[in-house]
Amino acid sequence: MNHSPADDRRYMAAAIALSGRGRGLSTPNPNVGCLIVRNGRVVGRGWTQKGGRPHAEAQALEQASDRARGATAYVTLEPCFHLSPRGPRCADLMARAGVARVVIALRDPDPRTDGQGAAWLRDRGIAVEMGLMAQEAARAMGGFVLRQMLGRPHVTLKLGLSLDGRIALADGSSRWITGPDARAHAHMERARHDAILVGGGTLRADAPRLDVRLPGLEDRSPRRLLLTHGDAPAGWGCIAAPEEIATLDRVDHLLVEGGAAAAAAFLRADLVDRLLLYRAPILIGDGLAGIGDIGLADLGQAHGRWRMIDTRVLGVDRLEVYERVRSA
């Protein structure tokens, strides 16, 4: 059967979209997406479930059942090869299911697999292609990738700003800068993270709940963290410095929600990988700045560090999404 590049990209894009359903739930396992396609029809879908099991491939293959034989599997991460007491190897599951072809977006950086899963499939006569939409898949699994490569979680900094870059009036009043559509989107972002962090000033001024208040997603509220040299309230964790995020257990995706001092601390440490800027069509003037001193000594150092990857209108507000540009 012929496989057109356009169809391969379409199915892989769908698998990447599926992987997003497990983000914030699958840690310590990566949030993988998988699609099983036979004769132009999707016969199985899967994404990594809460706590990391079952894996996306196992779920998709179970749904496909006998229809997986001779089919093509689109998976966002190389099927796992290492033995685990929690479940079978996905590479073995695919071979036993009789899939004819496996299209993989990203090679697994985990040394327990790292090319071995793909090689094992090829040795069993299965056609394997790797690298399709790898950048998009890596972005969707940013927490897992960074944890493997750098030993720390992926960090998103969220800011709700006026047009002139303020987050509050001069007296600290900040409810609400943005409208209901932007706030609902921000709650969706919370549901996609393992933990959420604010600074002490934000805690004292706003007493934020930091939960998810979207119908049906209330149980996806992330862990609450405080950036402080003191003690955290009951039910909160704390770190004393941004660099300590590497010590956080079962946190691969961290959302920093402010305030200005916490935002500046993470930017100074160059530990922000993604920016969410919610801009409201208002002017505040002499209010509180969204970000404090980030240690910039030369304006030239500010250029070339951020790349816009998305923008959208949310009611009256505009969201801009940027990712940190880093050398390979």
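This dialogue walks through the fold, the packing and the surface of a predicted model.

Visitor: Which residues have the most contacts inside the largest nonpolar core?

Guide: A nonpolar core is a set of buried residues such as Ala, Val and Leu that are joined through side-chain atoms. The largest one in this model has 42 residues, and those with the most contacts inside it are Met 12, Ile 36, Met 94 and Val 102. Apart from this core lies another, of 24 residues, which includes Leu 161, Leu 225, Ala 265 and Phe 266.

Visitor: What does Ile 36 touch, leaving aside residues up to four places away in sequence?

Guide: Among the residues that Ile 36 touches are Val 42, Val 43, Leu 61 and Ala 64, together with Arg 41 and Thr 72.

Visitor: What share of the contacts in the protein chain with a separation of 6 or more joins residues 24 or more positions apart?

Guide: Such pairs account for 73% of those contacts. As for burial, 51% of the 328 residues count as buried.

Visitor: How should I read the surface and the charges?

Guide: The protein chain exposes about 15400 Å², of which carbon and sulfur atoms supply 51%, while the mean positions of its 44 positive and 37 negative charges are 4 Å apart.

Notes: Residues are numbered from 1 along each chain as its sequence is written. This is a predicted model: local features need pLDDT of at least 70, side-chain atom pairs count only at pLDDT 80 or more; totals for chains, interfaces and linings use all residues. Side-chain values use heavy atoms; hydrogens and water are left out. A nonpolar core is a set of buried Ala, Val, Leu, Ile, Met, Phe, Trp, Tyr and Cys residues joined through side-chain atoms within 4.5 Å. Buried means under 20% relative accessible area, exposed over 50%, partly exposed in between (1.4 Å probe, protein chains only). Contact means heavy atoms within 4.5 Å. Accessible areas come from the Shrake-Rupley method with a 1.4 Å probe; for residues, only the protein chains shown count as cover. Lys and Arg count as positive and Asp and Glu as negative; His and the chain ends are not counted. The place of a charge is taken as NZ of Lys, CZ of Arg, CG of Asp or CD of Glu.
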